[in-house]
Amino acid sequence: MAIGYEPAHIPIGAAGIPATTLVFEEQRIHAIERAETAINVFETSARNSGLHYNCRTISAIPVEALAIASAAARLHDLTIALQPDFEGSTFDNDLSRELLFESGGPVLFMPYTFRGPFSPRRIGICWDGSRLASRALRDAMPLIEKAEALTVITIDDSGAIPDGVRPEQLVRHLALKDLTAELVRFPSARSEIQPTILSVAADRRLDLLVMGGYGHSRLQERLLGGVTRDMLHCMTVPTMMSH
């Protein structure tokens, strides 16, 4: 899906001027052209890779675009989005984060530095025993079941994870599915969680991280959970998040 964003507001002083309608129509046409250009780039790569795919180009104001994209995502198993660029101020950056909270399914964030084919043979599962971590685990299971190596990454804090969903129990749960996982613990200092996860990913040469996406919708509360926000800021490995 490619989106051409239309202006949402009429400039002050332009309301009531007959030419305003023509200006807005011209901007809508340019928005569609930009979206179609992006689709053409994707289609060239998709054809060369032999993928089966469908494309959709839409033109809308940002709020409407979010509603359209979120609704479309709800009938698909996975949404793939580029890592947000926090240095930029575009609605594309907001949209990819909002899809995490509005799509009702997992979002695979691809780092903008990522190159080469995506082949998740070595997967890291970030586990804190929470509902969101469990949701991410279930959403990623089709990929986890095909992985060659699994690593459960967890905080070394006995009080942080409820009994019944301890990391050791997750390892045993995976073993029931004939899946072998290595357990890696790290200290519980919150400021070190994101860099430590990425350090483990680098040491184990992980192809994919799986984690719960914490926080609330940015448009609703302007807040993302700390670890989620930090991961999106400094992502080095494709990361599947569920909320």
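Tutor: Thr154 counts as buried because its relative accessibility is 1%, and buried means under 20% relative accessible area, with exposed over 50% and partly exposed in between (1.4 Å probe, protein chains only). Keep in mind that this is a predicted model, where local features need pLDDT of at least 70 and side-chain atom pairs count only at pLDDT 80 or more, while totals for chains, interfaces and linings use all residues. Residues are numbered from 1 along each chain as its sequence is written, and side-chain values use heavy atoms, with hydrogens and water left out.

So what does Thr154 touch? Its side chain reaches the backbone oxygen of Trp127 at 3.0 Å; that's a polar contact, a pair of N or O atoms within 3.5 Å in which, within protein, one must be able to donate a hydrogen and the other to accept it (residues adjacent in sequence count only if both atoms are side-chain atoms). Setting aside neighbours within four places in sequence, Thr154 contacts Trp127, Ile161, Pro167, Leu183, Val184, Arg185 and Phe186. Contact here means heavy atoms within 4.5 Å.

Thr154 lies in strand 6; strands are DSSP runs of E with at least two residues, helices are runs of H or I with at least four, and both are numbered from the N terminus. Strand 6 pairs with strand 7 in the parallel sense over 6 bridges, and Val152 stands opposite Leu183 in strand 7. For two strands to pair, DSSP has to find at least two bridges between them.

That pairing belongs to an open sheet of 7 strands, ordered 3-4-9-8-5-6-7, with mixed pairing. Strand 3 (79-82) and strand 7 are the edge strands, each pairing on one side only. From one strand to the next the twist averages 25°, with axes taken as lines fitted to C-alpha atoms and angles running from 0 to 180 degrees between N-to-C directions.

What about helix 6 (residues 193-203)? Its buried residues are Ile193, Gln194, Thr196, Ile197, Leu198, Val200 and Ala201. They pack against strand 5 (122-127), strand 6 (149-155), strand 7 (181-186), strand 8 (208-212) and helix 8 (226-233). Just after helix 6, Arg205 takes a positive phi of about 55°.

On to the cores. A nonpolar core is a set of buried Ala, Val, Leu, Ile, Met, Phe, Trp, Tyr and Cys residues joined through side-chain atoms within 4.5 Å. The largest has 34 residues, and Leu95, Phe109, Ile153, Ile197, Leu209, Met231 and Met241 have the most contacts inside it. A second, separate core of 22 residues includes Trp127, Ile144, Ala147 and Leu150. In soluble globular proteins, nonpolar side chains tend to be buried together.

Finally, the whole chain. It has 8 helices and 9 strands, and 42% of its 243 residues count as buried. Of the contacts between residues at least 6 apart in sequence, 75% join residues at least 24 apart.
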